Amino acid sequence: MAAAVARAIDGFGGAGRGAHAASLDAGLAVLRAREGLARLLGAPSPSRVAFCSNATEALNVAIAGLLRPGERAVTTAASHNSVLRPLFRKEDEEGCEVVVVPHDGRGALDYGALERELSRGARLLAITHASNLTGDVYDVARAARLAHEHGALVVVDAAQTAGCVPIDMGRDGFDLVAFTGHKGLYGPQGTGGVAVAAHVEVPPFKEGGSGVRSYDRRHPARMPESLEAGTLNAHGLAGLAAGVAFVQERGAEALGAQARSLAERFERGVRAVAGVRVLGGGGAAGRCGIVALNVGDVDSAAVADALEARWGICTRAGAHCAPLMHEALGTQGQGAVRFSFSCFNAEEEVDAAARAVAEIAEEALS
């Protein structure tokens with residue numbers, strides 16, 4: 001991936017902005033990324049994959065484009081602020097109704113409540129595939145079926161799952177899938193996008209240069225140009241194409257299983273430690289390569305600082321842009337320490353992290 005980005009920086013022109021070799025090379029890299037993601041996500045064609053700067057922008061594109069003034073949207077307490085804030089903006093500024101379906105103290109989604117809310121009518125179900133806090137994977141295919149039975153479109157936040165949990169838009173009934181490049185797709189930061197089903201049209205989120213139809217008064221309405229105003233990050237997308245190729249070579253299911261195995265090994269190690277609380281475990285489809293925990297009543301930031309300063313272990317502490325899930329878990333004051341595992345971690349690192357948590361817990365409780 002890094003080599004692909006380096007080659008791109010040395011040689012690319014603007015994708016779609018010329019017929020010379022440098023521009024064509026950039027355009028080919030973007031096309032490879034589109035083709036790889038269309039195969040990986042089960043999108044109807046590469047042209048139905050539009051690139052954004054990250055999953056946050058992709059979710060804004062989807063929600064702003066599909067939810068019209070006064071309409072009703074359903075989401076869940078597992079949603080990231082990338083879903084919640086665009087929805088709440090719609091509620092505050094355009095009179096939309098936003099309904100949040102609860103999760104319990106283990107992070108489990110109430111599918112009965114979800115169906116009841118959808119049965120009351122909704123334009124949109126915006127749902128996370130896996131919690132970025134607990135790693136719990138939800139049965140989003142079931143949720144999509146419920147949504148379609150009641151006439152709602154389905155927007156899936158796949159930031160945590162693209163590349164490590166098999167996704168097929170057609171099979172699973174997803175109308176839009178938002179993804180980010182820098183997690184399970186092993187691409188650079190600042191890359192991401194949205195895959196859109198063939199029957200769904202999303203109006204442009206922004207307008208400007210498109211490289212085609214320059215004399216038209218308004219931005220092109222055809223995908224993917226309709227959602228890609230301005231110069232694409234071809235250097236980053238070259239890296240994303242390399243990351244997606246790696247995922248396809250190894251297999252999303254195999255990569256996900258490897259990360260889950262490491263996470264489960266770590267979880268077994270820390271669950272045996274007095275004073276440690278592992279969060280979540282309520283995912284109907286298991287867990288991805290994430291484990292979040294707290295040590296007694298120690299502030300999560302203090303635990304994360306100790307892990308890095310004493311053992312060089314990098315974690316994420318705090319609220320994780322998931323305020324409603326923290327409320328469900330009762331951790332909004334303390335936050336949580338999140339450990340994330342990938343295929344590049346080793347069992348020795350996992351065991352060392354578990355020992356470090358045990359040492360911190362022993363000190364905190366002594």
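Which residues in α4 are buried? Select α4, residues 81-94, and you will find that N81, S82, V83, L84, P86, L87 and K90 are buried, meaning under 20% relative accessible area with a 1.4 Å probe and protein chains only. The model is predicted, with local features needing pLDDT of at least 70 and side-chain atom pairs pLDDT 80 or more, while totals for chains, interfaces and linings use all residues. Residues are numbered from 1 along each chain as its sequence is written, and side-chain values use heavy atoms, without hydrogens and water.

Next, check the length of α4: at 1.5 Å a residue its 14 residues should span 20 Å, which agrees with end C-alpha atoms that are 19 Å apart. Just after this helix, select G95, which takes a positive phi of about 70 degrees.

The buried residues of α4 pack against several elements, including α3 (55-66) and β2 (72-76). The helices α3 and α4 pack at an angle of about 30 degrees, with axes 9 Å apart, where axes are lines fitted to C-alpha atoms over the stretch in contact and angles run from 0 to 180 degrees between N-to-C directions. To see the contact (heavy atoms within 4.5 Å), select T56, L59, N60, I63 and A64 of α3 together with S82, V83, P86, L87 and K90 of α4.

Finally, move to α10 (residues 300-311) and α12 (residues 347-365), whose axes come within 11 Å and cross at roughly 120 degrees.

Definitions and conventions
Helix = DSSP H or I, 4+ residues; strand = E, 2+ residues; numbered from the N terminus. Expected span 1.5 Å × (residues − 1). Buried < 20%, exposed > 50% of the residue type's maximum accessible area, 1.4 Å probe, protein only.
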